[in-house]
Amino acid sequence: MNNKGLAGAFMFVGGMQFVIGMLLAEIFYPGYRVSENYISDLGATCRDTCLIYQPSAFIFNTSAMILGILLLLSSYCIWNEFQNYLISIPIGISGLGAFGVGLFSETTGTLHVIVSFIALLFAVLSAISASIIMKPPFTYFSVFLGISSLVALVLFGFQFYSGLGPGGMERMIAYPVLLWSIGFGGYLMSSDKANIS
């Protein structure tokens, strides 16, 4: 498998294991509500008092760190394959942010907010910038998913939740780019022996 295929495999596995890890963490978190709870509450919920539920926190934080590591590996392979900073750097920074989300739970306060913002913003930029090495129709889907997450990120920043609640709107940021990472990973793997640019 060449760098393109490896990049795709790292990204696909990273996205899939995080989605599954997030769902498992939700199951083990008592009374978790998707619309009201933030995604990061799965690692630790710190508003009035800090609550850490196990195994929810271990599953979520470990899964986020694995996602971060796999995105960094994917970024390295994408750089080796395409020599393009516009694609490899946003993916790598998003990976650092995701690793930070797992390492610095809500108990760290502002630091957690910063790494969460970095992970989400650079995931959005990754989806948009990666479209330059794709063929239609996936290039359009990539841009659409990135812009969808960006719009949700702006709305979330202004605390405009459109009836979804803070947790629901946060998912409108995270889900499109997670789906993109899984799709992009599959795209890279399937074009391992083909010219995709």
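**Close-up views of the predicted model**

**View 1. Helix α1 and the nonpolar surface patch.** Helix α1 (residues 3–28) contributes seven residues, the largest share of the nonpolar patch. The model is predicted, so that local features need pLDDT of at least 70 and side-chain atom pairs count only at pLDDT 80 or more, whereas totals for chains, interfaces and linings use all residues. Residues are numbered from 1 along each chain as its sequence is written, and side-chain values use heavy atoms, with hydrogens and water left out. The patch on the surface is formed by Phe12, Val13, Met16, Ile20, Leu24, Ile27, Phe28 and Met189, which together have about 680 Å² of accessible area. Patch members have over 30% relative accessible area and no salt bridge; nonpolar side chains (Val, Leu, Ile, Met, Phe, Trp, Tyr) are joined within 5 Å, and like charges within 9 Å. Accessible areas come from the Shrake-Rupley method with a 1.4 Å probe, and for residues only the protein chains shown count as cover. Phe28 is placed in helix α1 and counts as partly exposed because its relative accessibility is 40% (buried, under 20%; exposed, over 50%; partly exposed, in between; 1.4 Å probe, protein chains only). Helices (H or I, at least four residues) and strands (E, at least two) are DSSP runs numbered from the N terminus.

**View 2. Packing of α1 against α2.** The axes of α1 and helix α2 (residues 56–82) are 8 Å apart, and the two helices pack at an angle of about 165 degrees. This angle makes α1 roughly antiparallel to α2 (under 35 degrees, roughly parallel; over 145, roughly antiparallel; 65 to 115, roughly perpendicular; the rest, oblique). Axes are lines fitted to C-alpha atoms, for helices over the stretch in contact, and angles run from 0 to 180 degrees between N-to-C directions.

**View 3. Packing of α4 against α5.** Helix α4 (residues 110–129) packs with helix α5 (residues 138–157) at about 150 degrees, their axes being 7 Å apart. Helix α4 is therefore roughly antiparallel to α5.

**View 4. The salt bridges.** The structure holds two salt bridges (a side-chain nitrogen of Lys or Arg within 4 Å of a carboxyl oxygen of Asp or Glu). One joins the side chains of Arg171 and Glu26 (3.1 Å, N to O). Because Arg171 lies in helix α6 (residues 165–190) and Glu26 in helix α1, this pair ties together parts that are 145 residues apart in sequence. Both Arg171 and Glu26 are buried. A salt bridge also links the side chains of Glu36 and Arg33 (3.1 Å, N to O). Glu36 is partly exposed, at 44% relative accessible area, and Arg33 counts as partly exposed at 45% relative accessibility.
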